[in-house]
Amino acid sequence: MPDTTRHAPQALTLDDQLRRTSLLTQLAIEFRETLDTPTIVAQALKVLGAHFPHDSASALLVGVGGGVELALAAHAGVTQPLDPEQARALVDRGLAGWVIRHGSSVALPDVTRDRRWLQFSEQHQSGSVIVLPIRQARATLGALTVNRAQPNAFDAHDLLLLEGVAAQMGVALGAAQHYHSERRRRDQALALFAMSQYLSAERSAADLAATIQDRGVAVFEVDYGLLFIGGDTLPTLPEALRVPETQALVAAAAAAARRAHEQRQIIVDGGCVALPLVHAGRALGALVLARAGQEITFSADVWSLLSVFTHVIAAACGSAEVIGGLRQHAQELEQLVDKRTAQLQRSRDTLRLIVDSLPDGALLLDAGGTILAANTVVCYALLGRRPEEVVGLAYSEAWQTLEARGRILATSESRLNPEIPRPGHWLRRIQCTDASGLPRAFRVERTPVGGDQYLELWRDES
């Protein structure tokens, strides 16, 4: 059983609360700017390194069958890919693999007491660790590992925060997977549609063979696309494939093609898939897709597209019905992409609602002091303006709006606690009059996020 012991929760300090809010807010900002999987993982590790104390962190993503799709590690502010053998060992024998298979978090106060913790370097020989599954819906996409060199370094608040980080990563990665999957399917359908248009004119066998090699290889990610006409044992080859190196593969493909032509059924033989070309009830030959040196497999979606591809080749010039079907398929995929895009936009709007529902004011500024975003507390309660009037406003102009209502008293806490100020970070107390004319007192903290931007939180202490 995993060791999931949590320390008794203690009240968080204001600095801890602000740091955790900054972490989750920055993740939301970073994730809405990209749909690239490696970028999402790298940004998560980067933001985690800036806002959460730890010695090392890593993220593993796995695909169908447990294959490692992405493995990144961050240490001392540097993010780099994990060694493939090390990543494979983590999935097969390590704690990350256990979490991926079981879909539950593990917190170890002392890693030396668990045999699943694999020690690849000195920095992994002792300490404490939290490993969390990265999930989207019911699927486990991978695992996030955060390590500290000291035993018993994490508490229950840390585990809850990291669970929130893993949840945000899962949503962002799930959106990216949906987007790229639908985009790939649409591109494949459009490629088939374009090829059917190309074949609508009369083409020679050589032209058809060249098209199969060029378009078939690109769409179905194989090494060769071979056309066999009738019961011929030799394919119609483009000039580029008429070389001695292809003779062994052509011989194997010919045997599969002959069986597919005679039996009128799909033949899968090692690295070759042979499909019978049947049009108007007549067997014309066979289409063979091959991968050199490895077995060939396709997903259900690709098999569906491959069936259409075979019919297009069998018809040679295509029929109006097939072309119409491909056009409709492309339109449906485009609509599905639009639907996924709308879902992603709704997700971003939801994040905005969450920020707007905070009881404290929140501002996002650029390095020049321009307001990039502000929640409802800042817009309506403090400045008395609509959000569209506040975004793009200079911070000095917002300050003048407060000054116009009466004297402002601002005191810095840097003299009280010299450890609080950091580069680009300050903390002070402000007394002012809000938009409704009431006196208010705020504790204001500005924290750098994203390199050249700043998150400013106004906590009401009235």
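The views show a predicted model, in which local features need pLDDT of at least 70, side-chain atom pairs count only at pLDDT 80 or more, and totals for chains, interfaces and linings use all residues. Residues are numbered from 1 along each chain as its sequence is written, and side-chain values use heavy atoms, without hydrogens and water.

**View 1. Helix 7 and its buried residues.** Helix 7 covers residues 247-263; helices (H or I, at least four residues) and strands (E, at least two) are DSSP runs, numbered from the N terminus. Its buried residues (under 20% relative accessible area, 1.4 Å probe, protein chains only) include Leu249, Val250 and His261. The buried residues of helix 7 pack against strand 7, strand 8, strand 9 and strand 10.

View 2. Strand 13 pairs with strand 14 over four bridges, and Ser412 stands opposite Arg428.

**View 3. The largest nonpolar core.** Such a core is a set of buried Ala, Val, Leu, Ile, Met, Phe, Trp, Tyr and Cys residues joined through side-chain atoms within 4.5 Å. This one has 33 residues, and Leu23, Phe52 and Leu144 are among those touching the most other members. Helix 5 (156-198) gives the most, nine residues.

Methods:
Two strands pair if DSSP finds at least two bridges between them. The expected span of a helix is 1.5 Å times one less than its number of residues. Buried means under 20% relative accessible area, exposed over 50%, partly exposed in between (1.4 Å probe, protein chains only). Contact means heavy atoms within 4.5 Å.
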